[in-house]
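I opened a notebook for this protein. I wrote down what I looked up, entry by entry.

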Amino acid sequence: MTAVTTTPTPTAIASGEPPSVRRRRRLSPGRRLPATRLAGPLLVLAAWAIASAAGQLDPAAIPAPWTVLRTLGRLWTDGTLPTDVLTSLRRAAYGFTIGLVAGVLLALLSGLSRTGEALIDGTVQLNRAIPTLGLIPLFILWLGIGETFKIAIIAIVVYVPVYLNTHAALAGIDSRYVELAEVQGLSRLGFVRQVVIPGALPGFFVGLRLGVTGSWLGLVVLEQINATSGLGYLMFQAQNYGRTDTILVGLLIYGVFGLVSDSAVRLIERRVLSWRRTLSS
């Protein structure tokens, strides 16, 4: 067998680092760049502005960005937008909190007990197979058209991905850690704190990000069904009057909420899981 040798470059020699480290750095994605997630949205915004300025877009169908910003300022000044934003945030917060707590508790009961898994997992899988938005007519009959049914639907949209990813992470914990905990004589609480929680956190954060996004997606639909306030109601009224700029204002705010909330979860994830050495870190 012929040995393969690599001749280090002058730059590599000057760095004084072992060849294995230099090769690993070439294979890795590289250092994280600041605010990279904003590059895509800013590029879309720039293309939108250029196309509008060049007259390539019909203003009645897709108003220019500056038109949308003027409409946003007007709606905020007259007090319409702040009220609708607060209403939407309240609905999303209530539904998200209920869904998060339910998803985590069900995942723990199902993942740490065979009896719990037999009683819970199949039911959740059946619920996952049913389109959540398809439950809206049934929930209206059960709960009416008020706030309760909207919050309930958002909670269902959130708890399913939280449960699935947390349960999968629990099921994926290496059994050798369980055996080691038994040998060390850990109590049930100590086992949960030292083995279960660290092992389940990566999957939990994946489910949390999906749940955050799902709460906003569900809210868009729910606020256009017999609502009297909220961003979805604002967009529905704008549709009736042909106000495309107002619809885009609502979509813009939904998008900002989704991006900010997802970025917040990612930031918390990096802080909590700072002990992990992964490609993203």
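My entries on this structure follow.

**Entry 1: ground rules**

I am working from a predicted model, where local features need pLDDT of at least 70, side-chain atom pairs count only at pLDDT 80 or more, and totals for chains, interfaces and linings use all residues. Residues are numbered from 1 along each chain as its sequence is written, and side-chain values use heavy atoms, with hydrogens and water left out.

**Entry 2: the overall build**

I looked up the helices and strands (DSSP runs, H or I of at least four residues for helices and E of at least two for strands, numbered from the N terminus). The protein has twelve helices and zero strands. Along the sequence the pattern reads α-α-α-α-α-α-α-α-α-α-α-α.

Next I looked up burial. I call a residue buried under 20% relative accessible area, exposed over 50%, and partly exposed in between (1.4 Å probe, protein chains only). Of the 281 residues, 34% are buried. The accessible surface (Shrake-Rupley method, 1.4 Å probe; for residues, only the protein chains shown count as cover) comes to about 17300 Å². Carbon and sulfur atoms hold 66% of that surface.

Then I looked up contacts (heavy atoms within 4.5 Å). I took those between residues at least 6 apart in sequence, and 72% of them join residues at least 24 apart.

**Entry 3: helix H4**

How far apart are the end C-alpha atoms of helix H4? They are 18 Å apart. The expected span is 1.5 Å times one less than the number of residues. For the 13 residues of H4 (residues 65-77) that gives 18 Å, so the two agree.

I listed the buried residues of H4: Pro65, Val68, Thr71 and Leu75. They cover an arc of only 120 degrees around the axis, so they sit on the same side of H4. The arc is taken from the directions from the helix axis to the C-beta atoms. An α-helix has 3.6 residues a turn, so residues three or four places apart point the same way.

Leu69, Arg70 and Thr77 are exposed on the other side of H4. The cover over the buried residues of H4 includes helix H3 (39-53), helix H5 (80-111), helix H11 (231-240) and H12. Just after H4, Gly79 takes a positive phi of about 90 degrees.

**Entry 4: the cores**

I looked up nonpolar cores (sets of buried Ala, Val, Leu, Ile, Met, Phe, Trp, Tyr and Cys residues joined through side-chain atoms within 4.5 Å). The largest has 40 residues. Leu81, Phe139, Ile153, Phe205, Trp216, Leu231 and Ile253 have the most contacts inside this core. H4, H5, helix H6 (114-129), helix H7 (136-143), helix H8 (147-171), helix H10 (188-222), H11 and H12 each supply at least two of its residues. Which helix gives the largest share? H8 does, with eleven residues. Another core, of eight residues, lies apart from this one, and Leu170, Ile173, Val196 and Ala200 are among its members. In soluble globular proteins, nonpolar side chains tend to be buried together.

**Entry 5: Phe205 and Glu269**

I left aside neighbours within four places in sequence. Phe205 then contacts Val265, Ile268, Glu269, Val272 and Leu273. Glu269 lies in helix H12 (residues 244-272). Is Glu269 buried or exposed? Glu269 is buried, because its relative accessible area is 16%.

**Entry 6: salt bridges**

I searched for salt bridges (a side-chain nitrogen of Lys or Arg within 4 Å of a carboxyl oxygen of Asp or Glu). The whole structure has six.

One of them joins Arg91 and Glu147 at 2.7 Å, N to O. Arg91 is in helix H5 and Glu147 in helix H8, 56 residues apart. Arg91 is buried at 2% relative accessibility, whereas Glu147 is partly exposed at 33%. Arg91, Glu147 and Glu223 are linked in a network of salt bridges.

Another joins Arg209 and Asp262 at 2.9 Å, N to O. This pair links helix H10 to helix H12, 53 residues apart. Arg209 is partly exposed at 26% relative accessibility, and Asp262 is buried at 7%.

A further bridge joins Arg176 and Asp174 at 2.6 Å, N to O. Arg176 is exposed at 60%, and Asp174 is partly exposed at 27%.
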